[in-house]
Structures are given as C-alpha cells and as structure tokens.
Amino acid sequence: MKATKETETTTIDIPNKIRVTGAEAIMLSLIQEGVDTLFGYPGGAIMPAYDALMNYTDKLRHILTRHEQGAIHAAQGYARVTGKVGVCMATSGPGATNLITGIADAMIDSTPLVCITGQVAAGLLGTDAFQETDVIGISMPVTKWNYLITKPEEIPAILAQAFYIAKTGRPGPVVVDIAKNAQFGMLDFEYHKCKRMRSYAPEPRISLDNLKAATSLINSAKKPYILAGQGIILGGAEQEFLQFVEKSGIPVGWTILGACALPKDHPQNIGMLGMHGNYSANIKTNECDLLIGVGMRFDDRVTGDLSRYAKQAKIIHLEIDKAEINKVVTADVPLHGDVKDTLPLLTKMIEKRDHSAWIRAFREADKIEYETVIQHDLHPVKPGLTMGEVIHLINEGTKGDAIVVTDVGQHQMFASRYAFHKNPRSFVTSGGLGTMGFGLPAAHGAKIGCPDKQVILFVGDGGFQMTIQELGTINQTQAAVKIVLLNNKYLGMVRQWQQLFFDKRYSETYLLNPDFIKVAEGFGIKGKKVLERPQLAQAIQEMLDHNGPYLLEVSIEKEDNVFPMVPTGASVSEVILEQKK
C-alpha cells in the first residue's frame, strides 16, 4: 500500500542529514520512535539489519528468542503492560510466517505492534527465491496495515507511518517487509514523525446529539448495566471510566480483556462476563433495561445466543472503531469516539444516581455462585488440589500487586475469575484468538517491560509445551518470571467439553508429559513440584521469594472443571453452575 505522498508529518530536530545504509536507517528510525527493546530472531534476509543493530546496543536492547512465535508473543506482553508499541524482527520465509499466529492474535486483541521482516532482494521477488514468501499477501487479513519496502529511501517514512498507524485509533499490528537490497542501499537519513495521514482518521468526531440521547437514557434507566472492555485500558481512560461509574452509580461487568478497567474490589464491580464469567454478571444482562458497552465488541463468548441477548434493553455503545458499531448488536445510541474523550463528556452531562438496590440484586445472585462454585474452588475439602486454591494462595502472597499472565485453557478461566489485581495493565491473556503457547513468551515480555513488577504466569501443561523452548530465552536474560504450571496431564478445556458434551469420550486429550522440573533445570531455571496440599503454601512462598526465574509445578485433579459455564448456543441466562451428576 503506497501512502507516502498522502502523509503529513512533523519534523523532529536532527542536526544534519546523515548518509547511512538502509539497515542503519531501520535502527535510527526505531530510536527516533522511542523504542528501547525489540524481540527477534536473525536470518539471511534480515542479516544487514542485525549487523547494524550492533552499532546501537547502547540504545536498543534486543531479546533473542528461541522461535519467532516467542518473539511476537513477547512483544505483545511488553506492549500490553507498558502501553508502548511492541517491536519484533524476523527474517523472510519461515521467519516471517512464524510470526503470523501472533500477528493474528494481536489484531483481534488490538495490541499495537510493528513487525519488521526481511525479504529477498527486489530483483528476486516473484521468482520463488530461497526463503521467499509473499508476506504482504499472507499478513494482509490479520494486520491493520502492511507495506513492502524495496528502496532504502522509503525506510524512514514508512516506519514513521507504521508506528503512527499501530498506536492510534484502535491499535493493532503492522508489518513492514524490507527487501534485502533496501537494507544494503544508501540514503540520506532524516526522520519525520508521522502525525497525520489524509486517508486515515483515527480520532472520530463526537456527535453531540448522540451524547444527549445517551444522557437521557442513562438518567431515566431503572436497571442500567455497564459492560467494560479493553478499549478503556487501551485508551488510558481508567480514571475517566472510574468517574463515570461512580457518578452514574451503575454496576459494571467486564470482559476478559477489560479485567483491569476497574479495580476488582470496587463496590460497583460485579465480575466477569462470558462463557465462564460470574453468574450474576451473565444472568442480569437479560434483566437490565439499559446496556452500556464501553470499549468492547460484543464478542460471541459474551453474548451467547444473540437472538436472546438483552432484547429487553436499550443499548448504548461507546467505541472507537466504527466497524464494531452495529456489527453484532444494534446500538440504540452509538457513541463513536475515543472513550477517553467521550466518557468525560458523558460524565459531565449525566445526573448523579444511586442504583444500590439494583446492585444488591447482583449480590444476591453472587451468594448462589459462592455456595455452589466458589467456596469449592478456593477452599476444597476433597483431597486433590484445585486451580482455584492455588490462585487464591498466590493472591495472598502478591496482595494484588503482581502482573498476572495466562496461557489459554481452564487455568486461564480460573485466573480470570480468581486472580486479584488492583493496578492498570496487570492482566495479560490471549482473548479473541485464544492462542495456546502465548503465556510463556508473553510473561517474559511483560517482565522485560516492567522489570520492577512481580510477574506471575499461570500455564497448563499443554500450552506450556507449545513454546517451552522460551525457557532458554528467560534463562539468557534471567528475567524473574514466576511460572505456575497447573498440570492435570490433559488438554483440560477440551477434556472438560468432552466430559460434559461428548459422553466422557476423551479423544486425544491425555498428555504423556516430561519431567518439567528437570526440563527447567536443563535450562538453568530452579523449580519445585507440589503433589499434596500441605506442601503448597510453603512452595508458593519459596517461588515468590526466589531471586530469579522459577517454575512451580502443581499437580491438579484431572476433573477440576471450571464453572459457571454458558454452553455454546445457549442464552446468557442459561448458566450451568455445576456438573450434572
């Protein structure tokens, strides 16, 4: 996509034009954008850039991962906890294609990334040269923008556009594919940070009429309900959201990626929405008279059966991406704009309300969930260990100050439900794509991004083995990631579905696992395995106190299932609270 001529930029002060190679221009451009860390894996087509990197190691830290998928997931973890654009770099062909899963994950979860890939020389394009792949064609469906650079003089302007597009509006991943000849070629380098593109309007105009209509609905509602999404976090609007919530008095449920939008212990925080969300948070959706979606996209895991979703309610949708408005649920009042801008305007216009009686109805439903599910998860009487009790004990050790990262599966849902966090950007998981293998490299990236914060990874034995080689990266950096491996020797979430809906026919979900503690020791990482409850509390404390990376493996009951559950195709009112006998 050629867009250079349509771009208006603001010049950054640079003493003089300097004559450099395209490879050096890449590094200088990253520095101009404030990049301090990049994750990657070298290879033939990106080798000039890696050679140039050696001249800038005082300004750019490179983390050598053990696989390109590890690089992009680490960049995602870094971006999610810092709010910066994550950067990764790989070579052509298999190097670039190994990034695609992470790019797709970042696209659906709105994570700002700039992915730089090497490409064969321009003269070889289309000849099926060694390690040539059409990266632009492959990545187009899962990127916010991509571009193939074939000339060295294109590099500064295109990278400036890449960062601008990645971080503005609804964030997302950008791929810049750079031909090898462009890396070797020479140019007069000067950098102009991109501030505006004529064909791209990331800051929508806010409709005053719609603000007035939304205000009227909020002021007259008897049972309003807010659904908080990740857009609040991406927009840095946590404080604005808090002010809106407290003035409106409205109860708040949150999506899995919106977990940090409101402190978990806030009196108006009702809990998690979705398939394994809280009982009250789901069933009250079909009882409210006004539903206010804030920076969320009405994902199918949140709505369940759309034909029976909130049909009794008026809907207000605050969203920066126009494509998401009316895509799944039709909004009576759409508020197209950045929530950091729309929320203060709405807060100023609404009346201060007290919805304590409506909130008490949620709390009554919470008692049902506690008695049926939560007390058994957190304080089990059966001999086998549960994921919930492990997370509960870790909460006591971290006091909610840790960054929690998860992989994908049952442990992800348990962590989403029970991990306590009180700070913004302190919960990182793969939401929309549900990528197993995300957790370990993402936790490493999070620790690199926030070295002074405790980073706890919850991971299952299936997902752990998908990117287990990244233990080598963690060992090389000595990043003090605390890995909690919840091992039930199964692909637990698939096995749960097989148990509930496929007559316990456990087809290809049993895992014959290695000795994980020995594997970790082979990578130079200390670890301990816990088999019984009396060992657990002390082992957790040893992990938290350890100065460096640590693997705590906990043997979990095979049929430790995650409830509540809204089955596929069911209404959010049809919540299963326990396994049928």
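Start at the interface of domain 2 and domain 3, where five residue pairs are in polar contact, both residues at pLDDT 80 or more (N or O atoms within 3.5 Å, one able to donate a hydrogen and the other to accept it; residues adjacent in sequence count only if both atoms are side-chain atoms). You are looking at a predicted model, in which local features need pLDDT of at least 70 and side-chain atom pairs pLDDT 80 or more, while totals for chains, interfaces and linings use all residues. Residues are numbered from 1 along each chain as its sequence is written, and side-chain values use heavy atoms, without hydrogens and water.

To colour the parts, select domain 1 (18-189), domain 2 (208-356) and domain 3 (383-555); these bounds come from an automatic or database domain assignment. The C-alpha centres of domain 2 and domain 3 lie 31 Å apart. Their contact (heavy atoms within 4.5 Å) draws on 16 residues from domain 2 and 19 residues from domain 3.

Now show the surface. Domain 2 and domain 3 bury about 1400 Å² between them, 65% of it from carbon and sulfur atoms (accessible area lost on being put together, 1.4 Å probe, summed over both). On the domain 2 side, pick I256, K264 and H276: these lose the most area to domain 3, together 40% of what that side buries.

Next, move to helix α21, residues 492-501 (helices are DSSP runs of H or I, at least four residues, numbered from the N terminus). Its buried residues are G492, M493, R495, Q496, Q498 and Q499 (under 20% relative accessible area, 1.4 Å probe, protein chains only). They pack against α17 (410-418). Finish just after α21 at D503, whose phi is positive, about 55°.

How values were computed
Buried means under 20% relative accessible area, exposed over 50%, partly exposed in between (1.4 Å probe, protein chains only). Helices (H or I, at least four residues) and strands (E, at least two) are DSSP runs, numbered from the N terminus. Buried area is the accessible area (1.4 Å probe) that two parts lose on being put together, summed over both.
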